Amino acid sequence: ASPPVPLGQLLQEARIVVCCGSGGVGKTTVAAALGVRAATLGRRVCVVTIDPARRLADALGLDREANDPVPVAGEWPGSLAGVVLDPKRTFDDLVRAHAPSGERAEQILANRIYRNLTSALSGTQEYMAMEKLHQLTTSGQFDLVVVDTPPTRNAIDFLDAPRRLTRFLSHRLFQLLLMPTRAYLRAVSLASQALLRTIAKVAGAEVVDDAVAFFQAFEGMEEGFRRRAEETAQALADPSTAFVLVSAPRAEAVAEARWFAERLAELHYRVAALVVNRMVPAFPCPDPGPVPADSALADLVATWRRLAEQRARQEAVAEALARHVGTALLLQLPLLPDDVHDLAGLAQVAGALEPDAGAR
């Protein structure tokens with residue numbers, strides 16, 4: 001097996017770091033701490049969350065509507081910015097940026113299908129996260145983008161979004177609806193006509209008209225969506241993208257991490273590092289040996305031994321998970337006495353992730 005790449009080297013070499021894991025394991029905190037550590041190493045970093053819980057905004061002191069990069073001030077030679085994804089604003093900005101004219105952009109933004117699409121349709125968040133990642137990685141502003149994904153199952157949707165969007169844009173029905181006149185739709189196959197009649201009966205003729213107008217308004221823009229999706233898929237598959245899986249030494253979190261690692265492997269992505277969070281702290285002192293049962297130390301020593309045994313069990317769980325995941329870099333974070341809610345707490349987590357780094 002290859003020797004582990006130290007965390008500092010990983011953060012120096014990566015262009016994208018994707019933090020994944022189930023809910024409640026500290027994934028958002030780890031993503032923000034990695035951003036702080038990379039900024040300390042002199043890199044220009046942006047941390048973006050597509051997690052609806054939006055805890056990243058609180059930890060970095062950002063406004064919850066920070067859909068564009070907001071600088072985070074700190075004592076580091078690099079720079080740090082944060083983004084809290086707003087799918088609708090991202091979609092609106094894309095339309096304004098890539099529509100052939102301002103008039104066409106306003107037609108799309110006013111379309112009822114478009115408004116419903118951006119507010120309710122499943123998958124919009126994942127597609128817009130993909131677009132935001134493309135925007136940040138190609139802007140030239142940042143050396144590294146750290147992505148805080150939603151909990152495990154939704155993260156798979158995000159990672160697969162570029163491929164699904166490409167398939168959708170290539171679908172025959174989508175291509176038919178992009179034709180510039182209703183006349184062509186009358187000339188398509190009987191099956192397509194029957195589909196449109198069925199939709200009209202269920203949803204109303206106005207909905208069909210809105211749908212056709214929506215797709216016609218997008219005519220000529222689909223190639224841009226396809227190209228950006230393909231470029232994002234290539235970026236995620238590139239060796240400069242590192243996947244960091246975050247878990248905890250609990251049975252359900254370990255099971256979820258194992259499942260997620262298998263899905264990543266199916267997508268041909270490799271886990272570069274495994275972070276096991278909320279470990280019982282290690283107590284590096286020797287066992288004191290026999291202690292009189294009635295002594296003041298008896299309860300303290302008994303507690304120490306229980307914690308040491310729990311730590312040993314957790315380490316065995318972490319090492320077994322690392323073997324299953326197939327990563328050489330296993331990072332263990334101790335259970336902290338308080339929740340992390342500011343930059344000082346993130347710096348503490350960053351130091352615990354790389355305890356031997358010192359000040360470098």
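## Basis of the assignments

Helices are DSSP runs of H or I covering at least four residues, numbered from the N terminus. The structure described here is a predicted model.

Helix α4 comprises residues 87-98, and both K88 and D92 belong to it. These two residues are four positions apart, about one turn of the helix. Their side chains form a salt bridge in which the closest N and O atoms are 2.9 Å apart.

R96 and D93 are three residues apart in α4, so about one helical turn separates them. D93 has a relative accessibility of 32% and therefore counts as partly exposed.

Helix α15 runs over residues 298-325, a total of 28 residues. At 1.5 Å a residue, a helix of this length should span 40 Å; the computed separation of its end C-alpha atoms is 41 Å, which agrees with that expectation.

The buried residues of α15 are A298, V301, W304, R311, Q314, A318, L321, A322 and V325. Their packing partners are the helix α14 (251-266) together with β6 (241-247), β7 (271-279) and β8 (330-334). Just after α15, G326 adopts a positive phi of about 85°.

R311, one of the buried residues of α15, forms a salt bridge with E315, the N to O distance being 3.0 Å. Both residues lie in α15, four residues apart, which corresponds to about one turn of the helix. R311 counts as buried because its relative accessibility is 14%, a value that meets the criterion of under 20%. E315, at 27% relative accessibility, counts as partly exposed.

## Salt bridges across the whole structure

A search of the whole structure identifies 14 salt bridges. Among the residues that take part in such interactions, D68, R89 and K132 are linked in a network of salt bridges.

Notes. Residues are numbered from 1 along each chain as its sequence is written. This is a predicted model: local features need pLDDT of at least 70, side-chain atom pairs count only at pLDDT 80 or more; totals for chains, interfaces and linings use all residues. Side-chain values use heavy atoms; hydrogens and water are left out. The expected span of a helix is 1.5 Å times one less than its number of residues. Buried means under 20% relative accessible area, exposed over 50%, partly exposed in between (1.4 Å probe, protein chains only). Contact means heavy atoms within 4.5 Å. A salt bridge is a side-chain nitrogen of Lys or Arg within 4 Å of a carboxyl oxygen of Asp or Glu.
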